Every structure is written in structure tokens, then in C-alpha cells.
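User: I would like to go through this model by way of a few questions on its chains and on how they meet.

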Amino acid sequence: MSTIPRKIQHALFGISLPVYLLLYTPLAVIAIFSFGPSLGHPTVNVAAYGLLLQDPEVMAALRRSLTLALCSAALGTLLGTLMGFGLSRFRPATGGGFWLGTLPSLIIYLPIIMPSLVFGISELIFFNFVHEYTGLLSAGLLTMGIAHVTFQSPYVALVVYARLAGLDPNLFEASQDLYANPIKSFLFLTIPVVRPALIGGFLLAITLSIDDFTISFFTAGPGSVTLPIYIYSAIARKGASPEINALGSLMIASVIGIALLYYFITRHRERSTRIPAVA
Amino acid sequence: MTTAVQTEARGRAWRLWLTSGPGLFWIVLFLLIPSGIMLGIAFFTNSDFGSPVLPLSLDSFSEVAGYGILGWSGANFTVLLRSLLQAGIATSITILLAYPLVFFIVTRPPSLRPVLLLFAIVPSWTNQVVRTYAWMELLNPFAPVSHIAQTLGLIPPHLGLMPGNFAVLIGLTYNYLPYMVVPLYAAAEKLDWTLVEAGRDLYASGTKLFFNAVFPQTLPGLLSGIILVGIPAFGDYVVPQLLGGDKAMMLGSLIADQFTFSPNWPYGAALTIIMLVFTCVGLITFRRLTQKLGGGEGAML
């Protein structure tokens with residue numbers, strides 16, 4: 001490190017500081033404007049937050065967003081953990097050829113690499129056809145949830161897989177030698193080992209769900225307006241307003257809160273230098 | 001003996017499907033099959049209501065190529081070219097910003113690095129609509145930034161920096177910068193600095209040191225960064241929709257329109273095929289390059 005001359009180190013700092021500022025300026029602007037003067041409130045005030053809390057539409061959207069995030073994250077974590085666990089433990093050492101090796105990887109990466117617009121529209125068409133022919137799955141929170149689980153489970157699988165991949169496989173043999181049956185070794189070895197990945201995966205799944213707009217937008221029905229969709233249509237309808245800024249500020253604050261909480265919880269558990277995921 | 005080995009292998013395969021099966025089945029049922037249907041729709045004929053009907057035809061593809069009732073128009077090519085350009089320029093800017101940022105972080109003490117990296121990533125955890133909306137407030141005609149640009153004569157008076165191509169470019173760069181920072185950081189953190197010292201001992205200049213000793217080591221990270229930024233930026237929907245006007249339309253909005261405002265599903269599906277073709281070409285090219293350069297994916301599936 002010391003090989004970098006002082007002059008260049010100063011230059012790096014000189015460029016990085018504005019980049020950091022640039023990253024936070026838009027978020028700060030939203031927060032500042034949320035206290036800004038509006039009709040009937042000429043000075044700095046918190047009226048927008050009051051309006052927000054009394055708005056039944058916003059509260060309903062918040063409830064839907066939370067329901068969607070928690071339910072989809074629970075199922076997404078379950079399916080994702082099983083996928084990550086199965087692929088790291090039971091895939092043949094030789095790679096497994098096409099059916100057991102390449103195909104599962106391809107399927108898992110599909111939701112990650114597919115552009116979210118294509119993802120959303122494909123689901124729109126699919127649910128439309130299913131509803132037309134069977135009467136099931138009309139567009140709403142359920143279809144949104146199905147779509148969310150589809151993009152959450154691969155990320156959880158990757159997190160769990162990465163955790164198990166760094167594990168000594170002899171541990172599992174040792175537990176077998178000590179006469180643990182598969183269920184016991186799953187409960188007392190696998191679960192404790194993957195717990196940080198499990199918590200991390202669950203929180204990641206929640207963040208992914210709250211973060212998503214495009215896929216939700218195309219799978220939503222008339223009665224399933226969640227917060228991002230509410231904000232989007234409010235911008236399209238009436239442009240900027242202190243109320244939307246207040247809502248945005250609260251969303252930013254809660255996401256940053258969850259992120260920092262997760263970071264400080266896991267920091268003490270894992271000493272290895274992890275790289276947080278971008279979502 | 002062989003039978004025992006076979007039973008063992010069969011048992012493993014059985015357990016693999018038992019654990020991974022439900023998740024894989026979910027993705028096949030709710031994404032692979034739907035996207036297959038979507039691609040198939042491109043080969044149907046458009047009905048009066050915009051839904052696909054028989055007979056099979058290639059009309060939607062000629063519409064993509066620009067042939068309509070009013071003769072040929074190059075509008076679709078312009079949109080495609082604009083999407084490629086915007087994604088390309090946004091990716092380049094993220095590279096130029098991410099390199100100094102990443103090397104600033106890796107030259108800090110090890111205890112500070114995770115926090116500094118976290119600070120660079122946290123904005124990407126907020127909702128994309130909120131992030132993009134923030135730029136609407138920053139770049140609109142009444143915002144101070146626009147006033148400065150007007151005074152400097154960069155834009156005509158009474159116009160803002162949005163909607164337009166410039167605003168879309170800023171929005172894309174802002175949205176996807178962290179996706180470049182993370183893989184670059186992963187590569188830069190593992191950097192072998194003894195190579196740099198060796199180069200210095202041989203009296204290599206700063207630029208030469210960077211391009212011969214540092215840059216090649218970060219190349220795998222850079223290539224995954226280009227994939228992570230370029231592909232979603234190319235297919236982005238929210239940013240051009242909110243920050244761009246009609247004159248800044250990108251492929252994503254053009255596709256979405258065919259399924260919402262003016263339904264024409266076969267045409268929209270054909271446009272989607274074009275988007276997927278470009279996505280796959282980009283993905284395969286950069287993957288090949290990464291493999292050629294021997295970049296490991298680490299603990300990847």
C-alpha cells in the first residue's frame with residue numbers, strides 16, 4: 001500500500017470525496033424537501049409527515065408492502081436455503097454433467113440475469129393466461145408475491161451456498177462418524193453453520209422486495225398498490241410534493257437502518273472480510 | 001461394488017432433487033415457462049385488441065425492423081442505438097468514478113475499509129423509484145442546478161436539465177455505480193502489491209505501473225462490473241420513464257408501451273427478443289473474456 005505516492009493518495013481522496021457526496025446528495029435533497037414550505041405551511045415544518053400518517057391510502061400501501069416483503073421473504077428464504085444447501089452438499093463431485101450440474105446453475109442464474117422488465121412482462125402475460133383459462137391467480141398481492149419469491153430465492157441460494165462452500169466437508173463426515181442421522185446433522189450442524197447466511201439471506205430478500213419496482217408494477221392488480229407503486233403513480237399524477245418527499249425519506253431511513261443493523265449484527269459473528277451485496 | 005457406488009450416486013441425486021427441487025421447480029414454472037410463452041407470442045399475429053391470435057407470422061419482426069402501415073421508419077433503430085449508447089456511456093462513467101473510489105478505499109487501514117465500502121453501497125439499497133425521483137427534484141427547471149446551467153448558457157432559458165438524454169444518463173450512472181464498485185473492490189482488495197514494488201524498482205513510471213502492474217489484476221473485477229452495470233442499464237425502465245421524455249425513449253419504455261398503453265403483444269414480444277439477444281451477446285462476450293483472462297468467480301455456483 002505504501003507504494004502509492006502521497007500525491008496520488010491525495011488525488012484519490014480528492015476524487016472520492018465528491019463521489020461520496022454525489023451518492024448522498026439526492027437522498028439528502030429528498031429529506032430536506034420533506035421539511036420544506038408548502039401550501040399553508042410557509043416555513044420549515046413537519047406537516048408533510050402528519051399528512052402522511054393520516055392518509056389511509058398511504059397506510060394501506062405500507063401494510064401491503066410489509067405483508068408482501070415479509071411473506072415473500074419467508075418463502076424465498078426457505079426455497080433459497082434448500083437450493084443452496086442441496087447444491088453444495090449433494091451435487092456430485094465430478095460436476096454432475098448437464099442434468100445435475102449445469103442445468104440447476106442455469107436455472108438459478110436466470111432470475112438474476114434476466115432484465116427485470118422482461119421478467120415482469122413475462123409474468124404479466126403468464127398470470128393473464130392462467131387467469132383466463134383457470135380463473136386462478138388474478139393480478140394482486142398473490143401474483144406479486146410469487147414473482148418476488150422467484151427473484152429472492154436465487155439470491156438467498158447464492159448467499160447460503162457461499163457460506164457452505166467455505167466449510168470443511170469433513171465436518172459432515174465427522175458428524176456421521178459420531179452416529180448423527182441426516183436430520184440430526186442438519187439440525188445441529190448445518191443450521192448453526194448457515195444461521196448468519198440465513199439471517200443475511202432473509203434480510204436481503206426483504207430489501208430486494210421493498211426495492212423492486214419494475215417487476216411489482218407489471219404483476220400488480222388494481223387493489224394491490226404498494227409503496228413504490230403509490231409513489232410512482234403519485235409522481236406521474238401530480239409531480240413533486242412534500243408528502244412524497246416525506247414518504248421517500250422514511251423509506252430511505254428504514255432501509256439504511258436495516259442495513260446498518262444487519263451490518264453491526266453480523267460484524268461480530270463473522271471475522272472474515274465480507275463484501276456486502278448490491279441490491 | 002459398482003452397484004454400491006451406483007446406489008450411493010442415486011441417493012445423492014435423489015437428495016439433491018429433494019432439497020433443490022422445489023426452488024428450481026418454482027423458477028421453471030414462474031419464470032422459465034412464462035418467458036418461453038412471451039417469446040412464442042412474437043410469432044403470432046396481432047388482433048384488434050392487441051392480444052396474440054393465429055395464424056403464425058413474422059409480421060411483428062418486420063414491425064420491429066421499422067416497416068409499418070406508413071412505410072419504413074428508422075425510429076426503432078434510433079431507440080435501440082440510443083439504449084446501447086446510454087448504457088455504454090453510463091458504464092464508462094461508472095468505471096471512471098469507481099477506480100479512484102475503490103483505490104481510495106483499499107489504501108485506508110483494513111478496519112476502515114468495510115465501512116467506507118458500505119457507505120458507497122447503502123444508497124443502492126433504497127428504492128429505485130425514490131432514487132430516480134430525487135434526481136427529478138435536482139434537475140427540474142426550477143432547481144438551482146438548472147438555473148446555473150441556464151446562466152452559463154448550457155441550456156436554453158426556462159428549460160430544465162430534465163426530461164432528456166442528459167438526465168437519463170445521470171440517473172443510470174447514479175443507479176448503477178455501486179454495481180461497478182463492488183466487483184472492482186473485490187479484485188482490488190486481493191491485489192498483489194509486490195508486483196507494483198517490483199515495477200517501481202525497475203524505474204517504471206506511474207502510468208506504466210498502473211497499466212502494467214495494477215490494471216491487469218483488476219480486469220476480472222472490471223469485466224464483471226461491466227456486465228452488472230451495462231446489462232441492467234441497457235434494459236432499464238424506471239430511469240428513462242421518469243427522467244427522459246419522448247425524445248429520450250429507450251428500449252425498455254418502448255417494450256412496456258406495447259403491453260400497457262397501446263397493446264400490441266406480438267410486437268412487444270419481438271422487441272423483447274431483440275433486447276434479450278443483445279443482453280445474451282454482451283453476457284457471453286464478457287464471460288468468455290473473463291474465462292480467457294483466468295478470472296475466478298470464487299464461491300459461485
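The questions below take up the fold of each chain and then the interface.

User: Which kind of element makes up chain A, helices or strands?
Analyst: The model is predicted. In chain A, zero strands are found. Read from the N terminus, the order is α-α-α-α-α-α-α-α-α-α-α.

User: What percentage of the contacts in chain A join residues at least 24 apart?
Analyst: The contacts counted are those between residues at least 6 apart in sequence. Of these, the part that joins residues at least 24 apart in chain A is 81%.

User: Why is chain B described as more spread out than a compact globule?
Analyst: Chain B has twelve helices and four strands. For its 301 residues the globule rule gives 19 Å, and chain B is well over that, so it is more spread out than a compact globule, with a radius of gyration of 24 Å. Along the principal axes, its C-alpha trace spans about 85 × 70 × 35 Å.

User: Which helix of chain A supplies the largest share of the side that touches chain B?
Analyst: In the interface, 79 residues of chain A are in contact with 76 residues of chain B. Helices that each supply at least two residues of that side of chain A include α3 (56–90), α8 (182–211) and α11 (242–269). The largest share, 15 residues, comes from α1(A).

User: How many nonpolar residues does the side of chain A that touches chain B have?
Analyst: By class, this side has three charged residues and 14 polar ones. The nonpolar residues there number 62.

Definitions and conventions:
Residues are numbered from 1 along each chain as its sequence is written. Chains are lettered from A and ligands numbered from 1 in the order in which they are written. This is a predicted model: local features need pLDDT of at least 70, side-chain atom pairs count only at pLDDT 80 or more; totals for chains, interfaces and linings use all residues. Two residues are in contact if their C-beta atoms, placed from the backbone, lie within 7 Å. Ala, Val, Leu, Ile, Met, Phe, Trp, Tyr, Cys and Pro count as nonpolar, Asp, Glu, Lys and Arg as charged, and the others, Gly among them, as polar. The radius of gyration is taken over C-alpha atoms; the globule rule is 2.2 Å times the number of residues to the power 0.38.
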